[in-house]
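Thank you all for coming.

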Amino acid sequence: MRKILMAVALAAGAFFALNSASAAEKVRIGYWTSGVSLGYGTVLESKNFLAKHGIDAQFVHFPGVNGPLSALASGSIDLAFGAPLAGVFSASSEGVPVKIFAATQPADVQFVVPADSPITRLSELKGRKIGMSPAGSSVAVIAGTILQESAGIGPQDFSLVGGNESRLAQFLAQKQIDAAALRSVTISQLTGLHVRSLGTFADEWKALTHSDAVPYIGVGAVNSKLAEQHPQTVANVIAALRDTLEWGHSHPEEVVELLQKQANLPLHDAQVYVSHWDSMNRITFEPADIRTLKRQHSVFVSSGAIKGQLDNSLFDTAPYQSAKSIK
């Protein structure tokens, strides 16, 4: 009888452990569908990389860049693979239970003006209307930091006009704004509008920080509870994100087809997006990446773009290291 009872107990324990593990693998993943995340997210949803690694994913789409971060704060989603870095820094300092598990989106962004504009330098943007991602986004924070630190233009010295990339391009064409901070992929997609670059985020940041580091605008962020209680689940998601990145690199024509069918992108726009695949998307969290993120926080704070101290526990490297051994 004791043997039978013990066997039943062991079976029950295994049953509940299995159910617990199964429940932990259900992950609500959010992303912004009007920016760089659109193409990558489309491939991630369309392929079975998450299921391959045991993740039962529920995708949640957001029309605004700050949507995924707000949803993480409210508990509406568990994870975002392209959360705005500046917003994550601010949320963490305010006590939002969030962790960064990867650097995912380099700042492949440029300051541009119409080709016939008399403006030739960043310093000439003082008093002008500048279009960029909405206030609070990483693009807006990096742009504001560069303008202040490199060109002497404070936040009160220009008018920020927020919007998604297509809307900003329209504003430029209609002369409603004087300049814009646009992603390189968007600039390449423009066919009826000719623009001239005043400088890239990468070059301006290198000059500002006296380093070779390229800043990030997006990071992988996860609810602290999930990261702490189920780190292997986060590692499995990272493995799936990595597989998506590698598949997109090696299957450009198929990515173009997916973007046309699933994201409703015109053929030209889809082809341009794929040509920038490697420069826009990353899954990395090496010591050099963390040093870059810490430098960004320091520069953001010193420029007044964000407030609060940086808690090193914000960077959770364990799932990334674990994912390295996942095939």
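Phe81 counts as buried, at 3% relative accessibility, where buried means under 20% relative accessible area, exposed means over 50%, and partly exposed lies in between, with a 1.4 Å probe and protein chains only. This is a predicted model, so local features need pLDDT of at least 70 and side-chain atom pairs count only at pLDDT 80 or more, while totals for chains, interfaces and linings use all residues. Residues are numbered from 1 along each chain as its sequence is written, and side-chain values use heavy atoms, with hydrogens and water left out.

Which residue pairs with Phe81? The partner is Tyr31, in a tilted aromatic pair with 5.2 Å centre to centre and 35° between the planes. Rings of Phe, Tyr and Trp (for Trp, the six-membered ring) pair if their centres lie within 6.5 Å, and planes under 30 degrees apart count as stacked, over 60 as edge-to-face, and the rest as tilted. Tyr31 is likewise buried, at 3% relative accessibility. Because Tyr31 lies in strand β1 (residues 26-32) and Phe81 in strand β3 (residues 79-84), the pair ties together parts that are 50 residues apart in sequence. Helices (H or I, at least four residues) and strands (E, at least two) are DSSP runs, numbered from the N terminus. Ring pairs also link Tyr31 and Phe81 with Tyr40, Phe59, Tyr273 and Trp277 into a cluster, and the structure holds 11 aromatic pairs.

Let me turn to a sheet. Five strands form an open sheet of mixed pairing, in the order β7-β6-β8-β5-β9, where two strands pair if DSSP finds at least two bridges between them. β7 (159-162) and β9 (195-200) stand at the edges, each with a single partner strand, so one side of each has no neighbour in the sheet. Within the sheet, β5 (residues 109-114) and β8 (residues 179-183) pair in the antiparallel sense over four bridges, and Val109 stands opposite Arg183 in β8.

Helix α7 (residues 165-173) packs on this sheet, touching β5, β6 (129-132), β7, β8 and β9, and its direction makes about 145° with that of β8. Axes are lines fitted to C-alpha atoms, for helices over the stretch in contact, and angles run from 0 to 180 degrees between N-to-C directions, while contact means heavy atoms within 4.5 Å. Helix α9 (residues 201-209) lies across β5, β8 and β9, running at about 30° to β9.
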